[in-house]
Amino acid sequence: MEFKLLTFSESNTSVQLSVFNGQLNSECMAVIAIDQQRLSFENQLQSVIDTFNNLVQTELVGYKPVFLRFFVSDAANQFELVANEANKLNCAVSIIEQTPLNGSKIALWAYLQTNVEVLNNNGLVTVKNGKYTHYWATALRNVQGDSYQQMHGIFLQYISKLVDSNLSLSNNCIRTWIFVQNIDRNYAGIVTARNHIFDTQALSPDTHFIASTGIQGRTETHNSLVTMDAYAVGGVAPHQIQFLYAPTHLNPTYEYGVGFERGTCVWYDDHRQVFISGTASINNKGEVVHVGNIELQANRMIENVEKLLDEAKCTFDDVAQMIVYLRDVADYSTVADIFNTRFPNTPKVIVLAPVCRPTWLIEMECIATAK
């Protein structure tokens with residue numbers, strides 16, 4: 001993995017890049033951050049877009065955008081402006097209110113690849129790469145009813161899209177991101193709906209679940225209590241998918257009534273890609289560790305992720321990007337110091353997003369790629 005830090009003074013931005021060169025194609029993760037936080041939102045957005053376009057014309061010639069996630073501070077007022085710009089880029093786009101905690105109004109995580117064909121089919125952005133096809137779904141929503149009903153409807157909608165592409169939730173879906181408005185109130189309905197859907201889709205403790213992050217986040221629509229992004233792969237066989245457990249440090253999620261995998265590794269012909277779910281300071285009995293101490297929680301969380309990566313024969317040197325979620329903005333400087341010291345080169349963004357248990361002050365997720 002190659003890492004770069006770039007600054008674009010003319011657009012008041014900085015960029016962290018990771019590049020993985022495989023036998024068949026290369027891929028890049030980029031996080032674009034605003035360095036001049038006093039700019040208006042319109043100017044910050046334009047700076048991010050200008051920097052992204054600059055990257056693909058200079059540093060990343062030959063790369064195509066596959067997936068973009070914009071983290072914004074006020075979706076109700078900012079969503080339309082972002083969508084108007086992002087929809088010009090011909091890829092999967094996610095826009096979520098999770099305020100970047102460096103003081104800016106917007107940040108961007110971008111995933112790009114070479115030698116791929118990117119198409120939009122029936123609401124799934126498909127990325128063809130040799131014998132594999134990757135399917136990205138973003139902004140899945142259903143605004144009717146409570147969080148249970150919305151989550152249930154979102155999964156039915158997604159399953160229908162997968163079936164139309166000759167895929168299934170159990171065989172092909174690798175990763176979901178579930179964003180919940182007012183997570184302390186609405187998360188229980190999300191969990192119950194997902195469990196009920198999984199019961200109908202051959203997803204169980206005896207088979208497997210799906211790597212996932214369930215975290216606070218909202219869209220521009222106040223009555224959308226839940227929105228989901230998802231990633232699936234066509235062309236993989238069951239033996240190519242490895243589920244990660246780290247039993248010395250983590251317990252199976254079903255033991256406390258939740259259905260997701262701690263992490264999933266997909267073994268391709270020339271490389272492997274690891275998706276680590278939202279991971280917090282928890283032990284192998286399902287208990288929150290270091291209640292009330294952000295520094296100790298951050299370190300235990302990182303240790304848990306390290307154990308999951310180890311099962312996939314990876315280390316933090318293979319991690320291409322990180323997202324760190326905080327419940328309390330006052331913890332930002334402490335957490336930024338920890339991550340900038342331990343992972344100075346890894347593309348990362350730290351955002352405001354309460355975790356599903358109030359006593360969890362911090363959660364992180366990441367993606368790793370290795371030969």
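Author: Accessible areas here come from the Shrake-Rupley method with a 1.4 Å probe, and for residues only the protein chains shown count as cover. By that method the protein chain exposes about 14400 Å², of which carbon and sulfur atoms supply 46%. This is a predicted model, in which local features need pLDDT of at least 70 and side-chain atom pairs count only at pLDDT 80 or more, while totals for chains, interfaces and linings use all residues. Residues are numbered from 1 along each chain as its sequence is written, and side-chain values use heavy atoms, with hydrogens and water left out.

Reader: How do you know that the radius of gyration of the protein chain agrees with a compact globule?

Author: The radius is taken over C-alpha atoms, and the globule rule is 2.2 Å times the number of residues to the power 0.38. For 371 residues a compact globule would have a radius near 21 Å; the protein chain has 19 Å, so the two agree. The C-alpha atoms fill a box of roughly 55 × 50 × 45 Å along the principal axes.

Reader: Where does T253 lie, and what is T253 in contact with?

Author: T253 lies in the loop between β13 (241–244) and β14 (263–267); strands are DSSP runs of E, at least two residues, and helices are runs of H or I, at least four, numbered from the N terminus. Contact means heavy atoms within 4.5 Å. Leaving aside neighbours within four places in sequence, T253 is in contact with F209, V258, G259, F260 and R262.

Reader: What makes G259 buried or exposed?

Author: G259 has a relative accessible area of 1%, and therefore counts as buried. G259 is also in the loop between β13 and β14. Leaving aside neighbours within four places in sequence, its contacts are R194, N195, F198, F209 and T253.

Reader: What makes a set of residues a nonpolar core?

Author: The members are buried Ala, Val, Leu, Ile, Met, Phe, Trp, Tyr and Cys residues joined through side-chain atoms within 4.5 Å. The largest such core has 106 residues, and W136, Y158, L169, F339 and M364 touch the most other members. A second, separate core of 33 residues includes L68, F70, F79 and L112. In soluble globular proteins, nonpolar side chains tend to be buried together.

Key
Buried < 20%, exposed > 50% of the residue type's maximum accessible area, 1.4 Å probe, protein only.
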